Every structure is written in structure tokens, then in C-alpha cells.
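Me: I have a protein on my screen and would like to go through some of the labels used for it. Could you help me see where they come from?

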Amino acid sequence: PHEVRSRLSQLKLPIDELLDIVERAAGENRACNKNDPVTAPGYETWRWATRFVRESQILRDLGWTRCAHKLVDGLRHDGLRIKLVISNMDSAAGDPDRKPKSKSEKGSASASAIANNASRDQMNFWPSAENEDDVDEYDFWYLGIHVGENCVTAEVSRPIGMVSKLV
């Protein structure tokens with residue numbers, strides 16, 4: 001929809017590039033089979049999507065750069081003061097009438113970033129970071145991906161709370 005494209009454009013996240021990344025990461029998920037560890041499909045989706053967003057020349061040209069601040073791997077945009085990370089989500093991902101949940105528990109660094117989101121207005125763009133520690137004050141966003149048996153869904157969302165360590 002036009003609204004989604006417009007909102008992603010504000011975030012300097014072209015929908016076509018994100019869809020390509022999600023599709024490629026889902027392909028890596030699908031390469032897993034019953035002989036892999038049970039966590040392999042989710043890990044592969046997260047790993048490859050993280051790699052693909054970091055390798056994207058389109059995203060780099062728009063100001064996105066690799067970030068692993070506090071061991072939370074993803075991207076950051078210093079101009080927008082946003083950090084974006086990949087997360088595997090349940091089947092509610094991409095459905096505006098439902099609230100998706102992460103498939104794995106999040107650690108203290110993610111919990112702190114999400115708590116910061118809850119304490120301020122959405123998309124309150126500030127000046128660029130002066131040092132790496134300023135990333136603590138960035139808005140924290142997820143590219144949530146769900147790879148189901150018959151479909152792949154995704155969404156970009158800004159979490160403001162957690163329940164039992166799940167977003």
C-alpha cells in the first residue's frame with residue numbers, strides 16, 4: 001500500500017530492497033532440512049537477513065551503516081538516529097490487525113533500547129550521534145520476518161514493550 005511505501009521512505013528503507021532481502025533470507029531458511037538443529041531455520045533467517053541488509057549498497061547509499069553496539073547486530077542511520085535489527089517473528093508479522101511477537105527472547109541491551117522507545121515520541125529525529133555511546137539514545141526498530149510453510153511475511157516496527165523477554 002501507498003501508506004507503507006511512504007512511511008518506509010521516511011525511514012530511508014525502500015520497500016523493494018527490503019522485500020528482496022526478506023525473500024533472500026527466507027530462501028536460506030528453506031535450505032535447512034530435518035538434519036539441521038531445530039534452531040537452524042530461524043538462525044539462518046536472522047543471520048542472512050542481517051548480512052544482506054549490511055551488504056545492501058542501496059541502504060548504504062541512503063546512510064545506513066553496520067552497527068553492533070552492545071552486541072545487538074544490525075544497522076544504524078545516524079541522520080535519523082535509528083537502529084534497525086532483524087528479528088524472527090510469529091505469523092502476525094505484517095498483519096496490521098495483529099501484534100507480532102518475536103520467536104526468541106531478547107537480552108538486556110534490546111530490553112533497554114525498547115524501554116527508551118517507550119519513553120519518547122515516535123520518529124523524533126535528532127542530530128547525528130557524536131560518539132558510539134549516543135546509539136543508546138537512537139530509536140530501536142525491527143525488521144520482523146516470519147517464514148511460514150506457505151508464505152513469508154515481514155514488517156518494520158518500533159517496539160515499545162516486552163512480555164516475558166519477547167517483543
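**Rings in a helix**

Me: Why is Trp-48 called buried?
Reply: Trp-48 has 16% relative accessibility. Buried means under 20% relative accessible area, exposed over 50%, and partly exposed in between (1.4 Å probe, protein chains only), so Trp-48 counts as buried. A word on the source: this is a predicted model, where local features need pLDDT of at least 70, side-chain atom pairs count only at pLDDT 80 or more, and totals for chains, interfaces and linings use all residues. Residues are numbered from 1 along each chain as its sequence is written, and side-chain values use heavy atoms, with hydrogens and water left out.

Me: And what makes Phe-52 buried?
Reply: Phe-52 is at 8% relative accessibility, so Phe-52 counts as buried too.

Me: Why are Trp-48 and Phe-52 called a tilted aromatic pair?
Reply: Rings of Phe, Tyr and Trp (its six-membered ring) pair if their centres lie within 6.5 Å; planes under 30 degrees apart count as stacked, over 60 as edge-to-face and the rest as tilted. Trp-48 and Phe-52 are 5.3 Å centre to centre with 40° between the planes, and form a tilted pair. Both lie in helix α3, 4 residues apart.

Me: How do you know that a charge sits over the ring of Phe-52?
Reply: The rule asks for NZ of Lys or CZ of Arg within 6 Å of the ring centre and within 35 degrees of the ring normal. The charged end of Arg-24 sits over this ring, 3.8 Å from its centre.

How values were computed: Helix = DSSP H or I, 4+ residues; strand = E, 2+ residues; numbered from the N terminus.
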